[in-house]
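Take a look at the model below. The walk goes from rings to charges, then to a helix and the ligand.

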Amino acid sequence: MRVALVNPFWMYDGSIYFGCRNPHLPLELGYSKALLEARGHDVMMLDGQLQALDNQALAEAVANYRPEMTVVTTAPTYLFWRCAPPELRVPAEFLKALAGRGGRTVAVGPHGSATPAPTVRKLGVDAVVRGECEEIVVQLAEARDWSRVPATAVPDGDDVRINGGVHASGFVDHPPLHWPDAWIANHPHHHHRFEEVQRGLGAEVEASRGCPYNCTFCAKIDFRDKYRRRNLDAVLAEIDGLIAQGVGYVYFVDEIFLPQKPLLEALVGRDVQFGVQTRIDLWKPDLLELLGAAGCVSIEAGVESLTVEGREALAKRCRLDTDELADLLIVARRHVPFVQANLIGMEEDEAEMVAAWRDRLLAAGVWANEPVPLYPYPSSPSYRAKWGEPDDLAWERAHDHYLEAFDRFSDIQEQRPLPLPALERSCCAGR
Ligand code: SF4
């Protein structure tokens with residue numbers, strides 16, 4: 001089968017989206033392509049950012065290819081599935097421009113995973129995949145009848161048929177990905193890196209997926225949930241291929257980059273630097289030293305709250321006290337040139353205490369952000385604790401709550417984010 005895989009051309013005007021806006025490799029499409037090609041399918045993969053194609057140009061390229069199936073993602077790469085733009089405006093714009101010229105259409109991403117029926121209706125697609133998508137995309141490519149493909153939702157008259165729960169990919173045996181030279185050449189961005197000297201091109205890779213914790217704010221119930229570690233040889237082969245393409249920095253999109261000595265020891269001898277997101281309470285000083293020796297130049301560590309009560313309210317299951325966390329961050333900074341402690345705006349944390357703690361860390365060279373507000377994503381425990389299982393209006397409810405509850409937004413967000421219906425009015429087919 002001829003299959004088109006599309007990462008649309010993202011725009012964030014008026015969005016609450018607070019993830020990075022630079023281009024990144026669309027890993028979910030990369031894996032899908034590898035699995036499809038291994039089964040003999042003919043695949044064209046497009047990326048609006050890396051190929052500088054807007055949604056109309058992407059649609060024309062797909063139409064010229066004449067695929068029997070077109071897959072579009074509703075979040076700009078797996079890295080941002082947990083903090084995706086709530087609005088479906090961008091994939092909707094692509095599909096509208098495609099206007100039925102791409103064969104059967106499929107949406108993959110966090111929206112269809114949590115709220116399949118409104119995603120089918122808003123986008124007007126023939127199927128959405130629920131959960132991690134790569135194996136299900138292959139099943140769709142090989143099924144004539146889509147009414148019973150697992151982990152999907154499909155239109156059924158005026159209704160939407162939901163076929164089972166969400167899918168978790170096998171992941172551990174995923175092959176090394178190979179990206180086009182031109183895409184890598186268009187990826188100078190070093191994700192979450194803030195030092196002045198940056199060498200080589202950037203890329204994103206995945207050594208593990210999921211996380212054994214269940215913090216209340218973390219939107220991973222429907223995807224990237226259970227912790228899995230990828231075959232090390234495949235990870236290293238992928239990184240070696242990237243280095244050969246001129247990459248000097250890779251960002252591990254892993255939800256939680258856990259200490260893994262064999263990977264770190266293998267990276268020591270490789271000419272590449274890297275960044276990670278992790279929990280500092282899971283590292284020991286000797287492993288932090290190895291992390292730095294392996295080439296880590298950026299750590300983003302979720303501390304979230306500076307009180308035991310606050311961390312408990314977030315279900316962090318953190319065994320260290322706040323001083324011990326600070327000490328470890330400072331140790332990390334001795335070996336890694338950029339270390340960030342993430343904080344969330346918590347009632348338990350008094351402003352003066354937060355300011356003093358930030359000052360202490362900043363004096364030691366560790367960046368600690370101003371506490372940021374939480375968006376209750378439908379795939380997070382906090383959404384479900386507040387409103388129960390996501391229904392068809394889950395994103396609208398989360399969005400309204402966020403806009404109403406917070407009058408002060410993080411300095412990396414749009415100052416005046418718009419309500420969801422306003423963001424989706426121009427493109428979505430309607431509910
Ligand atoms: S430790 Fe990080 S990735 Fe894991 S559940 Fe908590 S926030 Fe999510």
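Which residues do ring pairs link into a cluster? They are Trp-10, Tyr-12, Tyr-17 and Phe-80. Rings of Phe, Tyr and Trp (its six-membered ring) pair if their centres lie within 6.5 Å. Planes under 30 degrees apart count as stacked, over 60 as edge-to-face, and the rest as tilted.

A word on the basis. This is a predicted model, where local features need pLDDT of at least 70, side-chain atom pairs count only at pLDDT 80 or more, and totals for chains, interfaces and linings use all residues. Residues are numbered from 1 along each chain as its sequence is written, and side-chain values use heavy atoms, with hydrogens and water left out.

The structure holds 16 aromatic pairs. One of them joins Trp-10 and Tyr-12, stacked at 6.5 Å centre to centre with 5° between the planes. Trp-10 is buried, at 7% relative accessibility. Tyr-12 is buried too, at 8%. Buried means under 20% relative accessible area, exposed over 50%, and partly exposed in between (1.4 Å probe, protein chains only).

Now turn to Tyr-383 and Trp-387. Their ring centres lie 4.9 Å apart and their planes meet at 55°, so this pair is tilted. Both belong to helix H14 (residues 381-387), four residues apart, which means about one helical turn separates them. An α-helix has 3.6 residues a turn, so residues three or four places apart point the same way. Tyr-383 is buried at 0% relative accessibility, whereas Trp-387 is partly exposed at 29%. Helices (H or I, at least four residues) and strands (E, at least two) are DSSP runs, numbered from the N terminus.

Charges also meet rings. The charged end of Arg-2 sits over the ring of Tyr-65, 4.1 Å from its centre. Arg-358 places its charged end over the ring of Trp-367, at 5.6 Å from the centre. The test is NZ of Lys or CZ of Arg within 6 Å of the ring centre and within 35 degrees of the ring normal.

Next, helix H8 (residues 232-244). Its buried residues are Ala-234, Val-235, Leu-236, Glu-238, Ile-239 and Leu-242. They pack against helix H7 (181-185), strand S8 (201-205), strand S11 (247-252) and helix H9 (261-268), with contact meaning heavy atoms within 4.5 Å.

Finally, the ligand. Among the residues around it are Arg-82, Cys-211, Tyr-213, Lys-220 and Glu-255, each with a heavy atom within 4 Å.
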